[in-house]
Each structure stands twice: as structure tokens, then as C-alpha cells.
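Here are a few exercises to work through with the model open beside you. Try each task before you read its solution.

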Protein chains: 2
Amino acid sequence: MPLPPSVTVHAPATIANVGCGFDVLGLCLTAPYDTVHLRRTDRPGLSIRHLDDYDLPTDPNRNVAGAALLALLREVPEPLGFEVEITKGIRPGSGIGSSAASAAGAVVAANALLGNRFSHKELIGMAMYGEAVASGVQHADNIAPAICGGLTLVRAVLPVLDVVALPPPPLWVAVVHPQFEVRTQEARAVLPTTVPLALAVRQWANVGGLVAGFLTHDYELISRALEDYIVEPARASLLPGLGAARQRALEAGALGGGISGSGPSIFMLNKDEATALAAAAAMGSVYEKMGIEYHLHVGPIAAQGARVVAME
Amino acid sequence: MPLPPSVTVHAPATIANVGCGFDVLGLCLTAPYDTVHLRRTDRPGLSIRHLDDYDLPTDPNRNVAGAALLALLREVPEPLGFEVEITKGIRPGSGIGSSAASAAGAVVAANALLGNRFSHKELIGMAMYGEAVASGVQHADNIAPAICGGLTLVRAVLPVLDVVALPPPPLWVAVVHPQFEVRTQEARAVLPTTVPLALAVRQWANVGGLVAGFLTHDYELISRALEDYIVEPARASLLPGLGAARQRALEAGALGGGISGSGPSIFMLNKDEATALAAAAAMGSVYEKMGIEYHLHVGPIAAQGARVVAME
């Protein structure tokens, strides 16, 4: 059976860091998502069109999906190109993996048009070129959950990419996205270059505890272990409302949470949908009072990452 | 039924740190073990006798079991004392939790004579006073597995002790104890006080990976994640033969390992008994060639920690 010429993929938002797991942990949401449509062409090269209003670059080398697809095409021997149409459902700069979604969606779509010849790990490696366009750093903490779904641990990027897909616990995520911008590069610049060993020990104790809590469905442990001693204190000043939003969400029953990626979105994990809705509303009310517009997202941890929704 | 007047407890050796999990992870061995015999007396206070040749202090305030029992007695309203007899099966200074075993064994024995009124967590808190006598630091990474058995994660010591007992994987441990001394205080002194954030991230990625590997029985992941980027490089110079012993053990099929506690013992985790025996022999041959005497210990991760073996 010949492969169909075009495919549509939904590529979901993701939460990187997940509290204490800076640069390492990530989880996949069900929504919002980018829609990536790819049409295979025999003419080598890429043409990229954005069907949204974000005015993102369409030069393949400066577009996150383009850079990811160029990396993929380098691994394909036959002459091949793609016409790419992207509809951003995830606002750029929101801190919930907008660039990762487009990059992941693009390579997952291309892979579908190529008979799924590449593994998740290979696709992650390619999509990381997209992240480098967006932030200057080839990191995988959003890419991995955007491709694998669920909960992921990027154990190593170099010398060999090592991504561990963890069975996701049945948790619900509440996200508030206050409408101000935190640039990833600025959020990186405020980080300390060194940390006290004693604090690093407390942080890796929490990472170990959080992973254990996720795998054993110990919600009390998850709640205790989510705390980030290193990155969040450094970034808190970039994120007005963070402390109050967390406090209100905890009062509404959330297990805990923190900055999503480098912000400005804030996520909270919750044991069920009702609590997640209450936590989201509670966080929204904080920004309401501050006169800052915001969006809310509530959903379970998604078992699946970027996925084909149509092939024509 | 009245409680019996005396009890004998076997208190096993333990491996603290477990590769990347400095100050956090620990696991329990089946052997060697200290034997702690307690007789209840109505006369308040402690008398301590050592039935071994290590010439350890018997003043309760300077003896690890004594300090732990004094902490326990502070929580007991009735007038009460203990006659304590300890036979060290674990050499002091071996790096496999010798002091923790005596402290843990003492409080587990006392608890048995008191109708098991204290929880594991309370006993860990008391036994930590014993560790403070031995090393000047109230740490729990040996105490926790010595009391809980299996695999433990000390998520926090302050403000509230938080010990997570993880279901232990079916792994076999090989330990070589070369007969030279590394003082815990010296091993602490060589540690850096600050670490690069990038290195701390790699370390907590490994801690998360190791915990995930233990809980999902993913032996390849355990093998990749055991690596310690921070503490072992700082201590390696105190431990001649470490690199060669690891190399030989890996060649014999071990999954990985490193310094046990602050050394000089070296541990390796293995997927079965035969491999553990081969790894132990391979490590032993390294010290044989160096002309350094050594002891070997091989056994599974013990499901149970310090345990009552007789009540009279």
C-alpha cells in the first residue's frame, strides 16, 4: 500500500521541569495543541506556512518545525521535501512547550509519511534542533513528553540521548498562563552557575522522591517532593503572582506545582478533575485581581504525545 | 502477656549513597550484621558491654548504641534502663554502616521490649543520635535502610524527617572491603561546598533515573544511572584501587556501583547471585595484586532491616 501524501498531527503542550526536576522532567498535556499539516513533495526542501497570527519566521532554518524537519531530512536518503502548514494552538512564549510542540509535531508528521521508520528517540534528537532555534539550547525536556506522551525523564543529552518514559500517574494538571512574557534566555540568565552542595542534595532528594511518588501513585509524597529549592527561587522575581497563585491552588486542594518551564505559565498537579478545575480557577482569580489577563488549561496527563489525526 | 525481659537483634550492614544518591539513597544487606542483646532493667540508665575486640567506647554518651538508646529513653515516661551487649559483626570504619547498625539494632531491640510502641520513623530519628556520635553529623542514609530494610530514600531530614521506603528490586550486591581506613570526617572534608548547576542537573537526572530503574526493574537504566558525577570524583584519591575494581566488576557483568558510604568499601549491584559472586571475586583480585587485604560480602538486597532473632 503506498503511503498517503499528507498527514495532520496534533502536537500537545508540555510542562518542563515539573517542580524540582529542572532540565530533566517533563509531562504531556492533552490541550492546547498545535496542528501541523505536512504534504510530501518529490522536490527537495521545505516550504512553511503559518495559519495563525503570531508572525513566526517561515525560513526553514529559523522556524522550529523547519529546523527539526531539516534534521530529519538529513537522515533520509531519497530526494524528498515537505509543504508544511502550522496552526499554533499554543501561544509562543507561554512556557508550556510551544516551540517543542511544533518541532515534535513536524517530525512525527514526517515520520508518518515515511512509514514510521524513525524511533521516538531518533525523533526527539531531530526535534531538539527546533528547540535550539527557539532558545539557543538543544534541550529535550519539552520535546521528550511532546513525542512520548506521559511523563518523561531526560537522564542525559550528551554523549548519548537517554530518555526514560515513565508510566504516568492518573493526575490532572491545572495551568494558568498570565499574559506577560518571560523570555527563555532571560529566565536562563538569572540562574546561578553554581549551587551549594547541601542544596543540590536536597534537590536530588526531591527528584528521587517525586519519581518514586509518580511511579507508586503516592500523592502525599508527590506533594512533598514537588518543591524546587534552586531554580524557582532564582526566577520568582520574573513572575509576579507566583507565590499567591500557588498558595490559592494549594488551598483549593492541589498537590503542588510551580513554574511551567521558564514561565510565565504556572502548573499545579491534582488528584482529580474537580480539584484541578478549582485550582485553575483559584490561580486565575489571583491574576484577575492583579489586572493581568490570563488563560487557563485543565486536563489529565496525556498518555500519548503528538499524534496523527488524519492522513489523506 | 507480659513482655519478655531480654531480646536479641541482628542489625545488618547497609550501603549509603548508592552511586549518585549522596546523602539520600541507601540499601540494606543481609550480612554482615551486628548482634545487639538488650536486657530490660527497672533501674534507669544504660550499661554497655562490647563482646568484640574493637575497643569501642562504652560510655553511653560516646557509644553509638548508647546515644541512640538515650534518645529513646527520653521518649519513655516510665523508669527504665537497659543492659546492652553488642557483638560487632561489621567492622568499624568499613563504610557499610557499622555505626548505623549498632544504633539501629539497639533501638529496634528496645522497641521490642516496649511492645513496639515506636514507628520506624521514630526509631530512625532516635538512631540518628548514634550517627552523630560516630561522625558528628545526624544523617539517616544508613540508619533508614538498617531499620526499614530494602531500599530507602531520605527525602528530607529537616524540618521533618521524611523517609521513603521503596520496594526493593531483586538485585544482588557485591561488596569488597579493602583493609585500609577512610575516616568519615576526612571523606566529608574533601567534598566541594558548591557544585556547578549543570553538574547538579546531571546528578539529579541520574537520581531520578536510578529510582525509576529500581521501581520498574529496568536493569539497563540502573546501570546507566548509577554514575556519581560529584562525590566520587572528589573522594577517588582517598580510595586506591577504586577505578580498577569497578572496571573488573563491570567486566564480570555487574550493573554498576561505586563507593559504599564514604568508603573504603566498594559495592556493585548485580542482576543475580552468580554475577555478584564473580564481581566480588574480580574486585578482590584487584586488591590481591595491590597487596591489600580485603573482605568480600555477597548477598541480595535484604527485604528486612534490623530484626528480632530471639526473646527470652
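**Exercise 1: a residue and its surroundings**

Val231(B) is buried, because 26 other C-beta atoms lie within 10 Å (buried takes 20 or more other C-beta atoms within 10 Å of the residue's own, exposed 12 or fewer, partly exposed in between, with C-beta atoms placed from the backbone). Before going on, note that this is a predicted model: local features need pLDDT of at least 70, side-chain atom pairs count only at pLDDT 80 or more, and totals for chains, interfaces and linings use all residues. Residues are numbered from 1 along each chain as its sequence is written, while chains are lettered from A and ligands numbered from 1 in the order in which they are written.

Task: find which helix holds Val231(B), and which residues it is in contact with once neighbours within four places in sequence are left aside.

- Step 1. Val231(B) sits in helix 8 of chain B, residues 231-235 (helices are DSSP runs of H or I with at least four residues, strands are E runs with at least two, both numbered from the N terminus).
- Step 2. Leaving out those sequence neighbours, Val231(B) is in contact with Asn17(B), Phe22(B) and Leu191(B) (contact means C-beta atoms, placed from the backbone, within 7 Å).
- Step 3. Now look at Ser260(B): its C-alpha atom is 11 Å from that of Val231(B), and the two are 29 residues apart along the chain.

**Exercise 2: a sheet in chain B**

Task: work out in what order the 4 strands of the open sheet in chain B run, and which strands are the edges.

- Step 1. The order is 9-10-7-11, with antiparallel pairing (a pair needs at least two DSSP bridges between the strands).
- Step 2. Strand 9 (256-259) and strand 11 (294-300) of chain B are the edge strands, each pairing on one side only.
- Step 3. From one strand to the next, the twist averages 15°.
- Step 4. Zoom in on strand 9 and strand 10 (residues 266-270) of chain B: they pair antiparallel over 4 bridges. Gly257(B) has Met268(B), in strand 10 of chain B, as its bridge partner.
- Step 5. Helix 10 (residues 273-290) of chain B packs on the sheet and touches strand 7 (172-178), strand 10 and strand 11 of chain B. Its direction makes about 15° with that of strand 7 of chain B (axes are lines fitted to C-alpha atoms, for helices over the stretch in contact, and angles run from 0 to 180 degrees between N-to-C directions).

How values were computed. Contact = placed C-beta atoms within 7 Å.
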